[in-house]
Amino acid sequence: MSISLNLFFNLSLLVAISVISAFITDKTRNRKLLYPVLQGLLFGATAMIGIHFPVVLSPGVIFDGRSVVLSICGLFFGPVSGAIAAAMAIIMRIALGGGGTMMGILVILSSVSIGVFFYYRWGKNQTKLNFLKLYMMGILVHVVMIGLMLTLPWEVAMNSLRKFSLPVLTLYPLATLIIGKILEDNFDRIRAHKELVLQKERAELSNSLKDIFIATISHEIRTPLNAILGFASIIEDEASDRFTEDEKVYFQRINQSGLRLTRTVDEILNYSRLLVKDLKLKLISIDIPLLTEKLIREGKFNHPNHPALVVFDNSAGAFTMDLDEFCLRTTLSQLLDNAFKYTESGTITVKIFHDKYGRICISISDMGIGISEEFMNKIFEPYSQEATGYTRRYEGIGLGLSIVKRLCEIMKAEISVESQKGIGSCFTVTFHA
């Protein structure tokens, strides 16, 4: 067998065992003792097979691919694997005997030692092994191998140098490069797989924490808040004749503040659910005009002293649509609440109509403060408000419209806005279905 054929044989064998090596890595990498032992046995067996099918220069003087096998073993799997593989290769080489036994043993030890040296320089720190690093290690291993030819008898050494120096310095480093990249790619694949598993576990933990957070915040804020509002209402009803008009205002403030906090909690919880896609749709047939009128009445009830006139205009007539009631109710309630909040006088107009494409549209327009042109592209971003700081006039945390935007996407609807600062705004929800 020529040295080229022998190298091709060893390279083919290494490519085959790289699959087995990757399987061992995938299954046993976290087992600190079993992992290096199995890798050492695998590469040691490969070196023994290579020694068994060598290029024979003269009786007892042989060349094979063990230098590639053992240096790669030391580089990727460290001293324990390298020592096991080296011991197996040495036993095989001694069993064959001959005048080149000493050189064979020294090549085995030097190849493993160089691989282990670079394991501590690169592999242990998970440094990326590029083509240049692998090739330079291959060059070093086989320069030492050529130097060790001088341990052979002089005439045999000269013949070996003449016959094998060029092939060893050209083909063997390339073989080291090729099999090194195959193993490196296997490690990258395994690392990527483990990272995906880790990300999946983190996502599952995040979902679990989300559920705990929602349940806890709902209980820890809603329960005492309901008690505060309930008992304040009882005290107001039972002892209202004992309070002055100024003191009765305190109860109004308690009720207003409680409702404000309730809306804030609702917005945070709803936005959290939307972020983690925890909203399960329940499609039912909804009478859109009837629901809209009901929500307008609720808006007036929640803003009893509001001076704005609310006008309802339905040019689409009576009809129903299959939608999720929570999504639709929350969307329209939020838009109506904003209209009341930002309109100090004038008219709020709610329209249901068909656009030029025959699609159902619901618009809510007001004569309020309007939105500046600079802020229009941020209006649906979470926690965004045109006026910020403690001196702002209007309450809220800036989640309402971001929730509306997400709910419209869930309903396969489109929301658009037209506004002019100081004149008013018009939000339109268009249903595609």
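**Notebook: aromatic rings**

I looked for ring groups and found that Tyr-35, Phe-43, Phe-76 and Phe-77 form one aromatic cluster. I note that the model is a predicted one.

I then asked how many aromatic pairs the structure holds. The count is five.

I took up Tyr-35 with Phe-77. Their ring centres lie 6.1 Å apart and their planes stand at 75 degrees, so I logged the pair as edge-to-face. The cut-off for that label is over 60 degrees. I checked where the two residues sit in the chain. Tyr-35 belongs to helix 2 (residues 34–52) and Phe-77 to helix 3 (residues 66–96). They are 42 residues apart, and the pair links distant parts of the chain.

Buried here means under 20% relative accessible area.

I moved on to Tyr-119 and Tyr-120. I read 5.2 Å between their ring centres and 80 degrees between their planes, so this pair is edge-to-face. Tyr-119 is buried, at 17% relative accessibility. Tyr-120 has a relative accessible area of 42%, so I listed it as partly exposed.

Last, I looked for charges over rings. Which residue lies over the face of Phe-131? I found Lys-181 there, at 5.0 Å from the ring centre. I also found the charged end of Lys-405 over the ring of Phe-380, with 5.4 Å to the centre of that ring.

Methods: Residues numbered from 1 in each chain as written. Predicted model: local features only at pLDDT ≥ 70, side-chain atom pairs only at ≥ 80, totals over all residues. Heavy atoms only, no water. Phe/Tyr/Trp six-rings, centres within 6.5 Å; stacked < 30°, edge-to-face > 60°. Helix = DSSP H or I, 4+ residues; strand = E, 2+ residues; numbered from the N terminus. Buried < 20%, exposed > 50% of the residue type's maximum accessible area, 1.4 Å probe, protein only. Lys NZ or Arg CZ within 6 Å of the ring centre and 35° of its normal.
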